[in-house]
Amino acid sequence: MSNTPALRKAKVPVAAGEAAPADGACDHCGDALAGLKIVRRAIGGRDGRYCCLGCAFIAEQLFLAQAGSRDRAQLAAQVPEPPTGPRAHAQIDVQGMVCAACGLLIEHRLKQLPGVAAAQVDFGARRASIAYDPTQLTVADAERAIERAGYRTHPTAQDERRAQRIDLLRLMLAWLAMMQVMMLAVPTYLAAPGDIPPDIAQLLRLAQLVLTTPVLLFSALPIWRAALNQLRMRAIGMDLPIALGLAVAFGASAQAVLRAQGEVYFDSITMFVALVYSSRWIQARALARAYAHIDAARRGLRLLALKLRAWPASHATDPVPAEQLAPGDLVLVPAGESVPADGVVRDGASTVSQAWLTGESTPIDKGEGAPVLAGSINLEQPLVVAVTRAGEATALAALRRLVDEAGRERPPIVELANRAAVWFLWAVLAVTAATVLGWWWVDPARALPNAIAVLIATCPCALSLAAPAALAAVQSGLARRGVLTARVAALEQLARVDAFAFDKTGTLTTAEPALTQVVLFREVSADDALTVAAALESLSVHPFARAIVTAAQARRLPAPEAQAGRVQASAGVEATVAGRRYRIGKADYALGLVQTDPQPVAARLLRRVEREGLQAASTIVLADGNGPLALFAFGERLRPDARLLVDAVRAAGAQPLLVSGDRREPVRRVARELGIQDGEGDDGQRVYAHQTPESKRALIARLQGEGRVVAMLGDGMNDAPVIAQADVSLALAGGSQLAQARADLIVVSSRLADVAAAVKLTKKGLRIVRENLGWTLVYNIVIVPAAALGYLTPAAAAVGMAASSLLVVGNALRARRV
């Protein structure tokens, strides 16, 4: 039971070797080519003409599933051969990285190994990926190189828990020590000169020194490691000037303790370490949650197959990983399960959903001899499938390769601060040197105090907290709404997008079809027709059957019993209700119950459908022995918050785009309901149908080439390549695990309202980052000349540093709420 062939122009692929349609139509779907840019592709030795890249892609996949080995070899010969030479890939889990510089160091060490063609370290995932020549290098060699660099490989779950406990202990120690040091420092701020006896003042200094030392040696250890790695890589980041400022402040304070006189800055040191480590800890926790979800999605990508032992003599099966299948194997695909490999149906008839693969929402009939693609969902009856392509040769594997090719590093917002850190460090050193030299000639006794004041005042506390604190607050706000952040850089990119692409099926619409219209043919009410239809469809598991039953339940209609029922796979249902025999399903099947000649009845039915404008709709017919009673039309139902999301995107200044693999008319209908209209001239096209995974990715790449910042929201396997290509990508957790594995943001709730909130929250967060950076710029412009000219003592500089840090953090906390 599916689309009614007599009522709509079906997508019937033209077999290889047929002549092109005389009226200039697409060789796959039959749409007229007039006015379209024709896509030409040679498939099976024949030049085909197609209306779009989508039809060309599907025609090629169908041919590969049906063709013999000689034809497949001929098509494969048209594809350029990959570079010669052995190539293997491996992923290595790494523990001990504290910043992005650690990742750069590991990449540098791996690329120096003989046989390594490429190396990339994902700091957020704590994972190194290498492409290497197995004749020159083993994975063990790469692991030893990482370990020689000072990191651990293949951490166990126990190692991960231990590292998490240590991180939490660092954080708790920093805050506890900060509160105690602050308590000891308050008397020196409030007391008048001479109020505190010298021995008590020295005791307060010693106590602060004792409390601050473990903070620097233990809680701030990641900062020292990061600064050291930046020196080793000659890539100066923000951690290096932070370490320099902390070292100078602690050195000056320790000297004051040893001399039993002078100012100490232990309160500023402990407060800054606590604030910096808190923001990093929050970000690390958010990343850990997101990557745990991603790793679970990657594990879910491993399909299992039920391999038949001796069919047809026996239906006994053995569960095996899908990648172990070989062409010629026979597998059983139960109803509701995924097809594990590309193949051809050998026995059975059912309908399958390829929505996640191709984006087409309508279920497709599959009978004996029909090709099926890996990753399709069998909806109705069990199928026996003969494997034609398995493992890396399947269409699903091709999608995964597209994802890997499209994946790339994105420019992080914190890189702006890191690039500024290089110039900032040299500027600090230059100002400090000038201060020492200038005061050496004027008043040598004030040269060192004033230089210390400059170094303390310019310690980039506020600058280093400006972006991380705001981003941590945004991540916290998103997490409360069920949106996990896999890449922190995506938050900045989402705030900057000017084009937002949406998938249709399963993203803006529900994955299940919905009953949209009931057309009556005789003196019967819509409720009566729906009651009979629901009784028949209660015997079926087809998506249209579920839509009928759901609609009847929503109207609280009675549920009569269907007797002597019979389900005909890919056709419909026949049963007796209240003493009368009915059929529901395809038009030719349902009208087969009519006792008179069905041809005139079918002609009248077709004319009625044309008057109702349902030629492009998916329909089924309810009939009895006297003719049709009702026709039921189905379509996709918009999610209740879809319009809210599109409006939020427009309000954010981005252009919404609808990009789908489905047919042109359903895509345009959804676009009209959401108010997304195709523009002409400068506005450009906004609605794209018949899109393949590759053409979606090419579309996003073209927009990026025009200087656009593009976001993509999807849920299907066919969305995974474009999700990897986009500047920032979002995936619904209720959709494909392949899409989630490469998304920047994962919407665990699958609510579009939460996506709209993410757009607003990231824009607010970016605005706060700009405010923080502006404040730190003004602060440094005022404070540095004052310290260099002697108007600011080291103690006052420490107070200014602490106040600026608190101001930045307080402002950043506003980013938690929309």
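I started with a head count: the chain has 27 helices and 28 strands. A reminder to myself that this is a predicted model.

**Whole chain**

I looked up burial next, and 53% of the 818 residues count as buried. For the surface, I noted an accessible area of about 35,900 Å², with 57% of that belonging to carbon and sulfur atoms. I also checked how far apart in sequence the contacting residues lie. Among contacts with a separation of 6 or more, 70% are between residues 24 or more positions apart.

I picked out an open sheet of three strands, which run in the order E12-E11-E14 with antiparallel pairing. Its edges are strand E12 (364-366) and strand E14 (377-378), and each of these pairs on one side only. I then followed strand E11, residues 350-353, and found three bridges joining E11 to E12 in the antiparallel sense.

**A helix pair**

How do H15 and H26 pack? I found helix H15 (residues 489-496) against helix H26 (residues 752-788) at an angle of about 100°, their axes 8 Å apart. Angles of 65 to 115 degrees count as roughly perpendicular, so that is how I logged H15 and H26.

From H15, the contact uses Leu491, Glu492, Leu494, Ala495 and Arg496. H26 brings Ala758, Val759, Thr762, Lys763, Leu766 and Arg770 to the contact. I sorted the residues of this H15 and H26 contact by type: six are nonpolar, one is polar and four are charged.

How values were computed: Residues numbered from 1 in each chain as written. Predicted model: local features only at pLDDT ≥ 70, side-chain atom pairs only at ≥ 80, totals over all residues. Heavy atoms only, no water. Pairing = 2+ DSSP bridges. Helix = DSSP H or I, 4+ residues; strand = E, 2+ residues; numbered from the N terminus. Axes fitted to C-alpha atoms, helices over the stretch in contact; angles between N-to-C directions. Parallel < 35°, antiparallel > 145°, perpendicular 65-115°, else oblique. Contact = heavy atoms within 4.5 Å. Nonpolar A, V, L, I, M, F, W, Y, C, P; charged D, E, K, R; others polar. Buried < 20%, exposed > 50% of the residue type's maximum accessible area, 1.4 Å probe, protein only. Areas by Shrake-Rupley, 256 points an atom, 1.4 Å probe, with all protein chains shown as cover.
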